[in-house]
Amino acid sequence: MKKVFPILVVLTGILLSYALYQALVVAPTEQTMGNVQRIFYYHVPSAWTAFILFFVNFGASIAYLIKRRPTADIIALVSAEVGVVFCTVVLVTGPIWARPVWGIWWTWDMRLTSTLVLWLIYVSYLFLRRFSSSGETPLLAAALAVLGALCVPFVYFSIWFFRTQHPQPVMGGGGSIDPRMMHALLINWLAFSCFAFLVCWSRYRLEKLQREVDHAHAMKSLLEPHGSAR
Amino acid sequence: MSAPTGITRATLLKDLRLEWRSKDAINSMLFFSLLVVVVFSFSFDPTAEESRQIAGGLIWVAFLFAAVVALNQTWAREIRNQVLDAYRVSPAPANSLFLAKTLGNFIFVTVLEALMTPLFIAFYRLHSLGPEWQLLLVAIFGTWALVVNGTFFAAMSLRTRSREIMLPLLLFPISIPAILAMVQSTTAILNGEGARFWIVLLATYDLVFTTVCLLLFETVLNAE
């Protein structure tokens, strides 16, 4: 396993540079929006990656509630952390694009609002993990993750109804998309997914080591004779 | 079947009796929501005809913040003298305790709403253009959505550092669809528009979250 990691790092690096080339050079410039449209190749793949990671978090939390394996808990933690980072990228790149194209930084449109609420739910998950004492964290976090994931359909449904009551800003036009643009988008998505996987993996190893160190410290202080600590 | 309901009734009656004698929760909730009403009245003209457009949001924000005050006290008194630990080692089903606490909070918040609503009507000169009985439905479903999640998350935040801050941090994001439905339906009814979608959404939300809370409560109570 230790040999696979550096290979994956190199592969992801190559893939990311190729995706960057595709997005900045190969993909044609959009007619009305110009070059600012290229942020789309980072915005959309980040969103997809974040959604996948939140889904992994849900699955791992359910697995932890049933089997109580520490591995499932670490996967849940890692996917939520990296998912929040990618979701933040989505929320930051969105306004950068919206300002020149729509003329506004933010609008309470359905997708924007529901992504923001999703981000809030998973940030509260990370807060819980940070504030609870270590022994109980996995179970409490898994319970919250299940509730949070169940909340997602309600969020989408309610905000969809809420926002379709009002006139919507024109989303970046329907219709057909240039195949080269589609290609760049998919390559970027692949590269971002590999990158996310890589980050998750190294974070997973870090968390596992951290827990082993904590465990060793606890054992050491238990086994040490009284008084010698002073 | 009779044992769990017996435990629920005993716990509920105990909580109600404690509250009747101390009136801690209800007094602090009342005063808190009164403060919210007064502070909000500075931010816009409360007697204008347009205030009907924001009254729904205002009422529910006041009740939401006030409910957090009561929810934070739910489990706090069970910590003293290790009552909660005693409950955990007893064979009593955890869900009986959860239901009792949820029902208790539901009663407290409902009493608060019944006392505060006339004040809202007077202060903001409200009168409903739609059918009033629908407001009653929204109040029941909305309050249940708040207290069922609130009681669950209060039990959860009991295990964390700085638990009083933790409860709103956990409760508000998950409650956003319910809050949206409560605010939108109240505003729609006050303006004489249809609110059927929101009431159905709220009822579904209640059903789903009550079920999941009941399924997970034992795990959360016994987590270590």
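Predicted model: local features only at pLDDT ≥ 70, side-chain atom pairs only at ≥ 80, totals over all residues.

Student: What radius of gyration does chain B have, and does it agree or disagree with a compact globule?
Tutor: The C-alpha trace of chain B spans about 55 × 35 × 30 Å along its principal axes. For 224 residues, a compact globule would have a radius of gyration near 17 Å. The value for chain B agrees with that: 18 Å.

Student: What share of contacts in chain B joins residues at least 24 apart?
Tutor: Take the contacts in chain B between residues at least 6 apart in sequence. Of the residues themselves, 43% count as buried. Among those contacts, the share joining residues at least 24 apart is 84%.

Student: Are α7(B) and α8(B) roughly parallel or roughly antiparallel?
Tutor: Two packed helices are described by the angle between their axes and the distance between the axes. Helix α7 of chain B, residues 132-157, packs on α8(B) with the axes 9 Å apart. The angle is about 170°. Angles over 145 degrees count as roughly antiparallel, so α7(B) relative to α8(B) is roughly antiparallel.

Student: How many nonpolar, polar and charged residues are in the contact of α7(B) with α8(B)?
Tutor: From α7(B) come residues including Leu135(B), Val138(B) and Phe153(B). From α8(B) come residues including Leu167(B), Ile174(B) and Arg163(B). By class, the contact has 15 nonpolar, 8 polar and 1 charged residues.

Student: Which helix gives the most to the side of chain B that touches chain A?
Tutor: The contact takes 25 residues from chain B and 27 residues from chain A. On the chain B side, α8 (163-190) and α9 (196-221) each supply at least two residues. By class, that side has 18 nonpolar, 4 polar and 3 charged residues. With 10 residues, the helix that gives the most is α8(B).

Student: Is Ala122(B) buried or exposed?
Tutor: Ala122(B) sits in helix α6 of chain B, residues 94-124. It has 9 other C-beta atoms within 10 Å. A residue with 12 or fewer counts as exposed, so Ala122(B) is exposed.

Student: How far apart in space are Ala122(B) and Asp45(B)?
Tutor: In sequence, Ala122(B) and Asp45(B) are 77 residues apart. Taken C-alpha to C-alpha, their separation in space is 14 Å.

Methods: Residues numbered from 1 in each chain as written. Chains lettered and ligands numbered in written order. Helix = DSSP H or I, 4+ residues; strand = E, 2+ residues; numbered from the N terminus. Buried ≥ 20, exposed ≤ 12 C-beta atoms within 10 Å, placed from the backbone. Contact = placed C-beta atoms within 7 Å. Nonpolar A, V, L, I, M, F, W, Y, C, P; charged D, E, K, R; others polar. Axes fitted to C-alpha atoms, helices over the stretch in contact; angles between N-to-C directions. Parallel < 35°, antiparallel > 145°, perpendicular 65-115°, else oblique. Rg over C-alpha atoms; globule rule 2.2 N^0.38 Å.
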